[in-house]
Amino acid sequence: MPTPLDNKVDNESSDILLATNLTAGYQSKSVWKDANFSVKKGEFIGLLGPNGAGKTTLFRILLGLSKPTAGKLLIFGKPAERGNFRIGYVPQRRIVDADSKIQAIEYVKLGISGNKWGMNLSAKRARNESKEALQALKIVDGQELAERPLNELSGGELQRVFLAQALVSKPDLLLLDEPLANLDIKREIQLITLVKQVVKRQNIAVILIAHDINPLLPVVDRIIYIANGKLASGKPNQIITTKALSALYNAPVEVLRDSRGRLAVLGIDEAMHHDD
């Protein structure tokens with residue numbers, strides 16, 4: 001298994017997230033164990049692995065919705081807790097009612113007021129919230145969407161609005177669960193490029209769950225890969241290799257690169273059913 005590359009850091013104070021021998025599981029069954037990794041401010045991290053490997057489980061632990069069964073996790077120097085305002089989150093699935101007439105800017109404002117939406121606010125507070133929501137839309141280049149109802153937006157436009165809502169509270173860590181799902185290649189690239197711009201402009205850390213490494217390759221700083229009950233962390237060219245993935249899966253896996261530089265990983269299905 002590849003040795004995590006970010007256990008030793010030159011400046012530990014720059015870590016906003018530090019996991020040491022972290023184990024996740026339910027009752028007596030572990031999903032993955034002995035995970036060691038860190039995330040620094042301003043880093044763009046791709047979180048990869050097969051279905052059921054435990055990627056969303058990691059997000060639940062970071063959000064304080066589940067507790068690790070062993071090990072230590074510090075976020076901003078403290079144990080993970082539910083409702084941490086310094087963490088923004090865009091879940092994998094958000095259902096938008098086909099008849100919904102709520103405007104994008106009003107939806108983004110829910111990231112400020114939450115379940116208090118619709119309550120009576122002072123005129124000054126209402127103006128401030130609208131200004132903050134519009135600024136969040138500008139960050140994701142979505143200001144022209146402000147007055148459009150959600151049911152008229154495309155998948156890519158909706159992702160911009162969801163991202164703006166997560167950013168409106170000015171988080172230091174942003175968790176994105178499968179934001180590329182159901183997007184075509186062009187919109188995948190547009191969204192990934194946008195997220196990278198947000199990382200640089202806002203100097204925040206982003207962890208993004210994806211199935212395909214290729215859209216992420218040009219932009220991510222590091223990869224966290226979960227498979228076979230183990231976790232490896234490092235730069236893409238250190239983790240997405242035949243040697244590293246074969247060690248992670250404990251079975252033969254081959255990484256090939258085509259003439260355009262796109263990677264193909266072969267043998268994962270066989271590795272998933274490998275009998276040790």
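Asp15 is buried, with a relative accessibility of 12%. That value falls under the 20% cut-off for burial. This is a predicted model, and Asp15 takes part in a salt bridge there with Lys40. The closest N and O atoms of the two are 2.9 Å apart. Lys40 has a relative accessibility of 23%, so Lys40 counts as partly exposed.

The pair links distant parts of the chain. Asp15 belongs to strand 1 (residues 15–26) and Lys40 to strand 2 (residues 29–40).

## Other salt bridges

The whole structure holds nine salt bridges. One of them joins Asp172 to Arg86, with closest N and O atoms 2.8 Å apart. Asp172 lies in the loop between helix 4 and strand 6 (173–177). Arg86 lies in the loop between strand 4 (70–75) and strand 5. The pair therefore ties together parts that are 86 residues apart in sequence. Asp172 is buried, at 17% relative accessible area. Arg86 is partly exposed, at 31%.

Arg187 forms a salt bridge with Asp184. Their closest N and O atoms are 2.9 Å apart. Both ends are partly exposed: Arg187 has a relative accessible area of 34%, and Asp184 has 37%. Salt bridges with shared partners also join Lys41, Arg86 and Asp172 into one network.

How many residues of strand 8 are buried? Six of the six, across residues 222–227, so strand 8 is largely enclosed by the rest of the structure. Arg222, Ile224 and Ile226 point one way from the strand. Ile223, Tyr225 and Ala227 point the other way. Both sets are buried.

Strand 8 pairs with strand 3 (residues 44–48) in parallel, through four bridges. Leu48 stands opposite Tyr225 of strand 8. Strand 8 also pairs with strand 9 (residues 230–234), here in the antiparallel sense and over five bridges. In this pairing Ala227 stands opposite Lys230 of strand 9. Strands 8 and 9 form a hairpin with two residues between them. Asn228, in the turn, has a positive phi of about 55°.

## The largest pocket

The largest pocket has a volume of about 340 Å³. It is lined by 17 residues. The closest to its centre are Asn84, Ile87, Gly88, Tyr89 and Ser169. Strand 5 (87–90) and helix 4 (155–167) are the elements that give two or more residues to this lining.

Which element gives the most to the lining of the largest pocket? Strand 5 does, with three residues. By class, the lining divides into eight nonpolar, six polar and three charged residues.

## The second largest pocket

The second largest pocket holds about 280 Å³ of space. Its lining has 14 residues, and Gln92, Arg94, Gln159, Ala181 and Asn182 are the closest to its centre. Helix 4 gives the most to this lining, with four residues. The lining divides into seven nonpolar, four polar and three charged residues.

## The cavity

A search of the whole structure finds one cavity of 30 Å³ or more. The largest cavity has a volume of about 40 Å³. Val90, Gln159, Leu163, Leu176, Pro179, Leu191 and Val195 line it. Helix 4 and helix 5 (185–202) are the elements that give two or more residues to the lining.

What classes of residue make up the lining of the largest cavity? Six are nonpolar, one is polar and none is charged. Gln159 is among the residues of this lining. Gln159 is also one of the residues closest to the centre of the second largest pocket.

Key: Residues are numbered from 1 along each chain as its sequence is written. This is a predicted model: local features need pLDDT of at least 70, side-chain atom pairs count only at pLDDT 80 or more; totals for chains, interfaces and linings use all residues. Side-chain values use heavy atoms; hydrogens and water are left out. On a 1 Å grid over the protein atoms alone, a cavity is a set of points where a 1.4 Å probe fits but cannot get out, and a pocket is an open set with protein on both sides within 12 Å along at least five of seven lines; lining residues have an atom within 4 Å of a point. Grid points are joined across faces, edges and corners, and a volume is the space filled by probe spheres set on the points. Ala, Val, Leu, Ile, Met, Phe, Trp, Tyr, Cys and Pro count as nonpolar, Asp, Glu, Lys and Arg as charged, and the others, Gly among them, as polar. A salt bridge is a side-chain nitrogen of Lys or Arg within 4 Å of a carboxyl oxygen of Asp or Glu. Buried means under 20% relative accessible area, exposed over 50%, partly exposed in between (1.4 Å probe, protein chains only). Two strands pair if DSSP finds at least two bridges between them.
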